[in-house]
Amino acid sequence: MILRLYFFSLALFFGLAPSFAQTLETIEAVEYDPAVDRWFVTNESNILQTRDNGNSYQFFGSVSATHGMEVVDGMLIAISDGTIHAIDLTTAQLLGSITIPRIGFLNGMGSRPGEVIVSDFAKGKLHRIDISEPANMKSTVLAANTRTRPNGVVVDARNNRAVIVNWGSNAPILAVDLSTGRLSTLVKDTGLGNLDGIDIDAGGNFYVSSWSPARITKFNNDFSQSSVVVEGADAGLFNPADISYSLQTKTLGVANRGNSTPSFYYFAEKPDPPQPSEDGVSAN
């Protein structure tokens, strides 16, 4: 199979505006819940959910979220300023919270079963949160000093690493080994400014959002190749912040901080073209 990438913003494509759009304010993150095919959207004073790609919204529980979110272990784990909440996906009830001491600015989050990895943008740290007991979550420092302003985080389980994108001009992309905490540089000079969000697809490819230019860039698993897959305001990008890739629907959700509107992009697979056999007849 050849992966054929094409995209559209569903809300823009259908010419529809979200219902009660006035409720959307300074959104920062989106996250997909495959169990019931819905997207969560942070909204400062609350968390919203949408089942029709941003055309209508409902409130989810009573807990607020300001930055990164992860669906893991039957919970929505969400950052609300300096506190991390664990919320039951079925009941929307708060299961537990943890406030990490002496933090600066908690921002991005990645996950795997049993834990989340959270970036501290202001202090250049990465925190590891044990979520196995949501009423008694525990935190440790995974990396004490990235020497960057870490933003989005994704856990690449097959390589036992967390991959971190960073803020600033010509921003780098880093990795941290989840066993040793050892930091490494995957891309020293991306040529992109203010990297914000990152997520991974079923093939191990990474999608990265940047503000300068407003773009979604796709990198292969070893970061040796990259391509632009979404770019510019015409495609619906306005200061694209956190992102989430739905493995089930092959859709990338983007939280556009610039206009407080999420956009969604579909990536479909197209069959390989027929290959001629040695006698010149199509092998398919």
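Me: Leaving aside neighbours within four places in sequence, which residues is Ile129 in contact with?

Reply: Contact means heavy atoms within 4.5 Å. Ile129 meets that cut-off with Ile84, Ile98, Ile100, Gly114, Glu115, Val116, Val118, Met137, Lys138 and Ser139. This is a predicted model: local features need pLDDT of at least 70, side-chain atom pairs count only at pLDDT 80 or more, and totals for chains, interfaces and linings use all residues. Residues are numbered from 1 along each chain as its sequence is written, and side-chain values use heavy atoms, with hydrogens and water left out.

Me: How many residues does the largest nonpolar core have?

Reply: Start with the general idea: in soluble globular proteins, nonpolar side chains tend to be buried together. A nonpolar core is a set of buried Ala, Val, Leu, Ile, Met, Phe, Trp, Tyr and Cys residues joined through side-chain atoms within 4.5 Å. Buried means under 20% relative accessible area, exposed over 50%, and partly exposed in between (1.4 Å probe, protein chains only). Here the largest core has 15 residues. Those with the most contacts inside it are Ile77, Ile84, Met109, Val116, Val118, Ile129 and Ile131.

Me: Which elements give two or more residues to this core?

Reply: Strands S7 (75-80), S8 (83-88), S10 (106-112) and S11 (115-120) do. Helices (H or I, at least four residues) and strands (E, at least two) are DSSP runs, numbered from the N terminus. S7 gives the largest share, three residues. Apart from this core lies another, of 14 residues, with Val165, Phe206, Phe219 and Phe223 among them.

Me: His85 is found in strand S8. Is His85 buried or exposed?

Reply: His85 counts as buried, because its relative accessibility is 12%. Its side chain makes a polar contact with the side chain of Ser97, at 2.7 Å. A polar contact is a pair of N or O atoms within 3.5 Å; within protein, one must be able to donate a hydrogen and the other to accept it, and residues adjacent in sequence count only if both atoms are side-chain atoms. Not counting residues up to four places away in sequence, His85 touches Val63, Ser64, Leu76, Ile77, Ala78, Ser80, Leu94, Gly96 and Ser97.

Me: Now the sheets. In what order do the strands of the open sheet with S14 stand?

Reply: Strands of a sheet pair through backbone hydrogen bonds, either parallel or antiparallel. Two strands pair if DSSP finds at least two bridges between them. The order here is S14-S15-S16-S17, with antiparallel pairing. S14 and S17 (183-187) are the edge strands, each pairing on one side only. Neighbouring strands are turned by 30° against each other on average, direction ignored. Axes are lines fitted to C-alpha atoms, for helices over the stretch in contact, and angles run from 0 to 180 degrees between N-to-C directions.

Me: How many bridges join S14 to S15?

Reply: Five bridges join S14 (residues 150-156) to S15. Val154 has Val163 in S15 as its bridge partner. The two strands form a hairpin with four residues between them, and Asn160 in the turn has a positive phi of about 50°. S15 also pairs with S16 (residues 173-177), again over five bridges. That hairpin has six residues between its strands; Gly168 in the turn has a positive phi of about 115°.

Me: How many residues of S15 are buried?

Reply: Six of six in S15 (residues 161-166). Arg161, Val163 and Val165 cover one side; Ala162, Ile164 and Asn166 are on the other.

Me: Which strands stand at the edges of the sheet with S18 and S21 in it?

Reply: That open sheet runs S18-S19-S20-S21, with antiparallel pairing. S18 (193-200) and S21 (226-231) each have a single partner strand, so one side of each is left without a neighbour in the sheet. The twist averages 25° from one strand to the next.

Me: How many salt bridges are found in the whole structure?

Reply: Side chains of opposite charge can pair when their charged atoms come close. A salt bridge is a side-chain nitrogen of Lys or Arg within 4 Å of a carboxyl oxygen of Asp or Glu. A search of the whole structure finds six. One of them joins Arg257 to Glu28, with the closest N and O atoms 2.8 Å apart. This pair links distant parts of the chain, 229 residues apart. Arg257 is partly exposed at 33%; Glu28 is buried at 6%.

Me: Which residues are linked in a network of salt bridges?

Reply: Arg112, Glu115 and Arg128. The closest N and O atoms of Arg112 and Glu115 are 2.7 Å apart.
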